[in-house]
Structures are given as C-alpha cells and as structure tokens.
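This report describes selected features of one structure. Please view the sequence and the model before reading on.

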Amino acid sequence: MSRWVYDFADGSKDMRELLGGKGANVAEMTRVLGPDRVPAGFTITTEACVEYMNADQSEPEGMSEQVADALDRLQEQAGKTLGDRDDPLLVSVRSGARESMPGMLDTVLNLGLNDESVLGLAKTTDNERFAWDSYRRFVQMFGNVSRGIPGESFEDAIKAAKQARDVTEDTELDADALKELTETFKGVYQEETGDEFPQDPQEQLRLAIRAVFDSWTGKRAVEYRRQNRIPDEWGTAVNVQQMVFGNKGDTSGSGVAFSRDEVTGAPEPSGDFLQNAQGEDVVSGVRTPRDISEIKEWMPEVHDQLMEILHSLEAHYEDMQDTEFTVEDGQLYMLQTRNAKRPAQAAVRFAVDAVSEQLLTRERALATIDPSTLDALLHPTFDPKAEFDVLASGVNASPGAAKGEIVFTAAAAVDAAEQGRDVILVRPFTDAEDVAGFYAAKGVLTSEGGKASHAALVARGMGLPAVVGAQALAIDLESKTVSVNGTELSEGDAIAIDGTKGFVTTDDVPLVEAQVNENFQTVLQWADELRRMEVRANADNPDDARRARELGAQGIGLCRTEHMFIAEDRQPKMRAMIMSDTHEARREALGELLPLQQEDFEGIFEAMAGLPVTVRLLDPPLHEFLPNAEDLAAQVERARIEESDDLERLEKLLARVHEIAEENPMLGTRGCRLGILYPEIYEMQVRAIMRAAKAASEPPHLEIMIPLVDYEQELEIIRELVTSIGEDEGLTVGDDYTVGTMIELPRACFVADRIARFADFFSFGTNDLTQTALGFSRDDVESAFVPTYMERKIIDRSPFETIDKPGVGWLVRLASWVGREAQPDLKLGICGEHGGDPESVVFFHRAGLDYVSCSPYRVPIARIAAAQANVEYPVGRWD
C-alpha cells in the first residue's frame, strides 16, 4: 500500500515534490530549530491529491487509516485529543503546493472546536473571550473553505455586531458578543448549506482535507498556475498542524517576517504583526498591522529570538526567507518558512549582498534570481524632477510607477485591457478572486493591508506596481467612488501610483525609463562572465540599437528591413517600384530608395560600431506595402462617380493589388522567393547595406541573412547575388561580411546539412518555425483556441511564449546537429521572441546555439538566463 502521510519529523527539504513546499520546509525547520519551536503535525502527500483527482474526488485507498494513525501520534505527543470536551487539541489544515501559490489555495484554522470543546477551551485557558473568538473564526473559515459560503455573509454579520455595540475593531467585541456572533455564523452556515454545522471533529477534519484538495482545481488556482507556469498534475499536499494561538490576549500575536526587506532586499528584516490576532488577520488585509520592528518594544526577548531565527534559517536555506510566526503567551513559535518571493530590485540586492557577506557564491547567488521578474527593473518610475501633490500615502508594497483610469473590479480591469485602456485596480483589500484584474491592470491600490497582504504578495510576485494600506482612502465599491480629504474620484478618473515610495496622486506625473542600478550592473557583470552564449537584440532603427547596446546587447541578431519602407516618405517610392512593369523601371524606382535605406543602415551601424549586425533582406509579400483591396475599390468607385482625374491611377493600382494578391501570403511569394523573382530588390538592399558599412568610422561585422529558405539552391542563387555585389563594392565575403539564412521552415531543418554548404550561419526564426511546424497562426490562435487547449491540458502554455521543446525544439536541435555535421564552424543563433524567454534560453543553451537575440528590453533577462543555463548545464548540449 502506498504511503500517503508523513509526520513532520520524518520529512526534509529534499522531499519537496512529495510533501509540497510547506510540508518539506516545516519538516526541515523542525530539524533546524527543534520541536519546541515548531508545532508538531503531519503532511498528506501531493501524490494523495493527484490520486484523489484521478479517482473523481475519492480518497486514495488507505489514506483515512494513515491520517487516523498520524492523528493518534500527534495527540499522544500533545497530550490532548482532537475536539476533547475538557481540554481540546485544535489543528490547522493548510495547503502546500510544490511551488508557493500565495492566497490561491485554502486554509482552515482552529479545527476541532464544537459546542462542547469551546467550553473546555475557555475553562483550561481561563479566557472565555479567546475561546469564543477562536470558535467564530473556525465556523467562518470552515464554512467559506469547505462549503463555499461567500465571505461577505460572515463579514456583514461582524460589521453588524460591531455597530450594535458601537465599536470599530474586532478585538473590542467581548465574549458575549463573540458567542452571539458564533451562533449567527452557524445560522448562516445552515441557511447556505441546508446542514447544521458539523460537531464531530473527525468529520470536520475529513471535510477540511477534501476542501484543500478541491482548492487545487478551483478557478483561481488554475488561473494562477496558468500564469505562473505551474503544472496541473503536481497537486497540493495538506498539512495538519497543532494550533498555537496568537489571539489569547495582549501577550500573544501573529505575524509574517522576512529575513530581509522584501521590497528593497536591504539586510534589515521586515514584516508585519498584530497583537491578539491569528495569522489570517495579518495576511487578509482586513486589519492594518504594525511593523515588525515594534515587537522590540512589545516583547524584547521575542524580538531577539525572532531575529536570531531569521538569520539561522537564511543561512540554512541559502536564500531570503519568508516566515510565519505566532506568539502564544510570550512563547514564540515558527509555523512555516519558504524562499521569499520578492520583486526584482530585492532579488538583485540580495544576490549582491549575499556574495559580499560570503553567504553565497556568485553562481549560487545568480541562481536565486528569477530572470522573468527583471522586467520590473526596466519599468517606468515617476520623474524625480516632477512636482505633484500627494493625494494619499500607503505602504510601498511593490516597486514601479503606473497611471491609468480607476476601476473597482477585476472584471472592469479585464474589459478595459481588452479595449486598450490603462487602468489602476482600486479595492479596499484584494483576495484571490481579484487576480485576473492584477494581470489586466497597470497597478494596484488598496486602502487596507500591509506588506504581507494578498495585494502586496501577488503584485510583488508579478512585478506589478502596488500601494496598499492607504488608510486615508474611503473606497465605496457600491457607488464606485474614492473619497479622501474632500476629494471624490469616480470610476474612469485618472490616478497615478508610485509603488516604490507609496504615493498616490491625481496629477499626470511624467514617467521616466528605469536605469540599471549598481547592484543590477554587478549581477549582469557576473552573468557576462559566467555565460557561454552571446546575447543580441532585435532592432530595426538607430534608437532601438542604441538602447539595446546600453542594456548589454552584443550586436543585432535581427534587423528587419521591411520596417524601413513603411515611413511616409518611403511608401510612394516603394509603391512605384511595385507598380513598375519592367526590371528597368523597378531599378529606377529602387534607385530612389537606395540612399534612404543606406541612411537607415548608417545610423544602426554607428550605434553598433564593431559589433555583429544581422540584416534580414526583405521578407514580407509585396502586397503588404499596397492599400487594402476593399478600401481601394471604394476609392475607385467614388472616383468613377465623381469623374475624378485620379480614376485611371486608382484603377491601375487596384488591378496590381489583385494581380499580386495571394490566398495564403504567409506561405506565398515572400522571403528568398521575392529575391529570385525580383532580384533587383535584393540588389538595392545589399548595395545600401555595404555602402553604409564602408561609410562607418568603425564598421560592424555584417551578417546578411536570406529569409524563408526551403531549398539549398535558393540560398546558392541569392548568395551568388550578394557576393557579386560585394565584389563591386570592394568587400570580401568571410572577411568583411558573411551570408547566412533564417531557418523557419520544417524542410529547412530536415535538409540543414545541404543548406549549410552555402551558409556561414543559421538564425532560427522560431516565430515562423512555430507557425509552420504546428500549423498555428500566431495572429489568430491566441484568442481562438489556445486558451481552450490550455484549459483542456492539450498544451500547458502558448508555444509562441515558450519554445515547444518536443516539436519545434526538436527541429532546432536537428538542424543544429546536421548543419554542423556539414560545416563544423557554422554559427547558430535564434532571433524569434523566444530569445527573451528564460526557459527557452536554457533550451537554446543546451542545444548548442552561439547566441540568442531578443527585444532590447529583454536583453538583461536573457543575459542572466544564459548564465544560469551555463551554471546548471556547463557542457551545453545534451550529449
């Protein structure tokens, strides 16, 4: 029989896949800190959850018996029985996925209380208020988690109870009020479910465990996994742990503590706590907590113990730690620890400090950084020179600045994003139901909560600017207004937030581009010293080229020449060329474009002086440079009605549009096919490129790339054209420039050895290679069927975001392998959007590519991802 349950004493941090992150870390923490500091318990494995899901929500065989045995051991260790009427053992039931999913899964506290055991708890603790406070919390959480009762049903009852007694805080409700509130909650439970609140502790435990398992397949958890690329098949563990109580009075409390500042990464511990409260009060955002530094005034000894523990855990785990703790009657207990999710600036600061403190090596420190979060370091901030009025201040929960229209719901944020409008999601506090709004909004603002609130945690994890706990704001969700100091704002009004400093303003503050700070520069320097692959940028104009070089690009991996023909002063000349009937007429029209194109290249080459620049010759079909046929037909009809002198020109243009139109232009007359049918186009481009290179004070290393090659003969013909022009211009292939091709068709991958005979380099165009290999249209599938495919688990993410390793990835590996068999010195790169995706970068490193190329702002991400890949896979290739 499979083993489904492990005591904390039997686990370790190396059992993360089986016990989940929380279970593995609690087990490890028990070893490090000792059982006196960590409440005892047991973990039901992720395998049990997977089996439960596969068996249509039926418990795995033998699980209930193993849970009963583990509970017996826990009761023996505690010297108490679950739900005992005189002195009850109470437990928490918490989720624990392999990767942290803050706020996405469910938790139940104080399990084991019923109408009898609450009296025993009141007697043994001599604290009737504490007992009834614990019971009402349990009914509330159990009803919400296990039976899906809306939280508002309970919150409304709490508000009514406080109003009836003319108090403002939950802690001001006395024992009688809490007893009455518990009865109200039980009534809500029965009204909503049709059942009486369960009094059997064993039944409570069984239902709570099932609820945690079920939360894995809940809508919010599924959406979080999809956004964060967590596999559905992992499942969640369930942790059953002896309760310790932070709500027993003024010498008790609960909190969240980070071993370093979770926003900046500074070495000072940070976090929040509340006196006379349970952990749920701290993280829910309903009450505004106190800063962790104030524990020193409250309980100096506890403060010192906590600081020492944070230091020990960080040294043990070799990473910044995010912990939860409870103080019960002056005794400190640690409930969990995990590697802290933090924004990019904190991750970078921690890495640099950890090496400086000799806590980590450069390689290990680099591995603690999630490259995908580094975008936040490149996001706009408020212009430091700008003057603005601060409407309100709150907690600087997640760095970066944003501005947009106010929206009050996740649905409104999603709708606005679909319409292309920038919005700020404004809520009193957020919960898991609001996550879709986080992804749609430019920033988040709440009036309640602290650094460990749901809004803060989720925003930091996403790199989304956020200000929380702006208590001066009165947010009315029903009227959709925000009031502060006599100012009332409505939905649609503009605001701006600074998540780095915690400011809110209605002024239209200018945003400035982020600058790479000293810590980031240090990390990037490490990455450059540790990586094997080069990192280039995709850039089509001098400004992008300059910015790419500033961000560390080692050249341009893709310069798309078609973008140069779209400008207003180029379109008439390009259309004149397309409309020409003879080679001579086309050459004459192209002659007018040559100096303009040369000027474009001169600016790019100046920005990339001395570095490689890969220029792709014209790729798209010619019809893309002509007017839309339907619009043109309407113009012809108007000209005919008005007897316009322009009628003949328009009719000729329309005839040409129809003549070159294709049913499937993506697979039609484009790429090298254009160069073979209309060689004068490529002749002009190559001449402009080479003349620009000769004019440069420090010429780049030219790489002329021929697109959409299927047959080796295609490349042979175009290569001969390029080299003949090179000779005319006094440049030598191999010394002054090279000629290669973009590999973007499956056949080219299969016959890469043949194509390599005429190529100095391959650059994989993974955008089109993905389209042609999968038969997916990138412009259509994202909204058509990719979401359904992800929901049905046919794919786990869009193949246009991360390389499809078994399919498209295999084609890349195959072409690399057979291409280098034919030509060992063949240079290999990739210039699709996948070049900036960290996971794809690791794949390309292992496939043996020489460089990746991505958009300029993804260059720092790719540099770090490439270094991490070389540290983890130093050989580089699978063989």
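Is F382 buried or exposed? With a relative accessible area of 8%, F382 is buried, where buried means under 20% relative accessible area, exposed over 50% and partly exposed in between (1.4 Å probe, protein chains only).

## Basis of the report

The model is predicted, so local features need pLDDT of at least 70 and side-chain atom pairs count only at pLDDT 80 or more, while totals for chains, interfaces and linings use all residues. Residues are numbered from 1 along each chain as its sequence is written, and side-chain values use heavy atoms, leaving out hydrogens and water.

## Aromatic residues

Rings of Phe, Tyr and Trp (its six-membered ring) pair if their centres lie within 6.5 Å; planes under 30 degrees apart count as stacked, over 60 as edge-to-face and the rest as tilted. By this rule there are 15 aromatic pairs. In one of them, F382 and F388 are edge-to-face, at 5.2 Å centre to centre and 75° between the planes. F388 is partly exposed, at 22% relative accessibility.

One aromatic cluster is formed by W132, Y135, F138, F142, Y189 and F197.

E314 lies in helix α12 (residues 300–317); helices are DSSP runs (H or I, at least four residues), numbered from the N terminus. E314 counts as buried because its relative accessibility is 6%.

Neighbours within four places in sequence aside, E314 is in contact (heavy atoms within 4.5 Å) with residues including S259, R260 and F350.

Note on methods: Helix = DSSP H or I, 4+ residues; strand = E, 2+ residues; numbered from the N terminus.
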